[in-house]
Amino acid sequence: MNPNSTNEPRPQKLRDQLKLLAADAILTAAERVFIEEGLHAAKMEHIAARAGVAVGTLYNHFGDRAALLTALINRRRDALLERIDSALHELKGRPFPEQLEGFFRTWFRFLEEHGSFVAAIHDAEDLETINKAKRAGREPAEQRIKELIRRGVQMKALRPEMAEELPLMISGLLRIVSMRSDVLARKGQPVSETMTDFVLRGAGA
């Protein structure tokens, strides 16, 4: 047996890590270029230059602009869902208003980082690539909202008869507010608190 055999997988592992780092750099650069140039007009060579990689390297990771855009949407969606899952786990057992506000706060803090890209996606309804990605992300997001509403009903903080309609209402409100950068940037009461008050006043037990 080769005495160094235990170290043989390391080069492959290192290559995999480098690929992930390169993909992350490309996606970060792509987000900025899509925002600056538009989803239709963004050029792959500009994204490669912003990421500091060759154009050929960019195409090795993502076959075309549609594949890159889809990967970026999926990556940002997954990151948001991970944050929501973490928040819901940490807040479990807390008074429901705290859980509800924590959910909204997590959502809008994410938008503080990626709001311009999210707005660009909402504005580009004519791109089937985007529509497919949005449809794929809608169900997992609504599942988290349904879990939150289930907790509210169980804790007698929300009226049971509202449980079926509330997830759809909250989803719609989040989409609308997410497109309004002026609302998100407004000083005064945080938008997460405003949304919490709105839900509890309308559907509170």
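A: Start with a cut-off: buried means under 20% relative accessible area, and exposed means over 50%. The model is predicted.

Q: Why is Gln99 called buried?
A: Its relative accessible area is 1%. The cut-off for buried is under 20%. Gln99 is therefore buried.

Q: Where does Gln99 lie, and which residues does Gln99 touch beyond four places away in sequence?
A: Gln99 sits in helix H5. Leaving out residues up to four places away in sequence, its contacts are Leu91, Lys92, Gly93, Arg94, Leu148, Arg151 and Met155. Contact here means heavy atoms within 4.5 Å. Of Gln99 and Arg151, the C-alpha atoms are 9.0 Å apart in space, and the two residues are 52 apart in sequence.

Q: What makes H4 and H5 roughly antiparallel?
A: The angle decides. Helix H4 (residues 65-91) and helix H5 (residues 96-123) pack at about 165°. Angles over 145 degrees count as roughly antiparallel. H4 and H5 are therefore roughly antiparallel to each other.

Q: What else describes the packing of H4 and H5?
A: Two packed helices are described by the angle between their axes and the distance between the axes. For H4 and H5, the axes are 9 Å apart. The crossing of H4 past H5 is right-handed.

Q: Which residues of H4 and H5 meet?
A: On the H4 side they include Leu69, Leu72, Ile73, Arg76 and Leu80. On the H5 side, Gln99, Gly102, Phe103, Trp107 and Phe110 are among them.

Q: How do you know that the span of H9 is close to the expected one?
A: Helix H9 (residues 191-203) has 13 residues. From first C-alpha to last, H9 reaches 18 Å. At 1.5 Å a residue, 18 Å is expected.

Q: Why are the buried residues of H9 said to line one face?
A: The buried residues of H9 are Val191, Ser192, Met195, Thr196, Val199 and Ala203. Down the axis of H9, the buried residues fall within an arc of 140°, so they line one face of the helix. Phe198 and Arg201, on the other side of H9, are exposed.

Q: How many helices and strands does the protein chain have?
A: There are nine helices and zero strands.

Q: What share of the protein chain is buried?
A: Of its 205 residues, 38% are buried.

Q: What share of the contacts with a separation of 6 or more joins residues 24 or more positions apart?
A: In the protein chain, that share is 67%.

How values were computed
Residues are numbered from 1 along each chain as its sequence is written. This is a predicted model: local features need pLDDT of at least 70, side-chain atom pairs count only at pLDDT 80 or more; totals for chains, interfaces and linings use all residues. Side-chain values use heavy atoms; hydrogens and water are left out. Helices (H or I, at least four residues) and strands (E, at least two) are DSSP runs, numbered from the N terminus. The expected span of a helix is 1.5 Å times one less than its number of residues. Buried means under 20% relative accessible area, exposed over 50%, partly exposed in between (1.4 Å probe, protein chains only). The arc is that of the directions from the helix axis to the C-beta atoms. Axes are lines fitted to C-alpha atoms, for helices over the stretch in contact, and angles run from 0 to 180 degrees between N-to-C directions. Angles under 35 degrees count as roughly parallel, over 145 as roughly antiparallel, 65 to 115 as roughly perpendicular and the rest as oblique. A crossing is left-handed if the near helix is turned anticlockwise from the far one by less than a right angle, and right-handed if clockwise.
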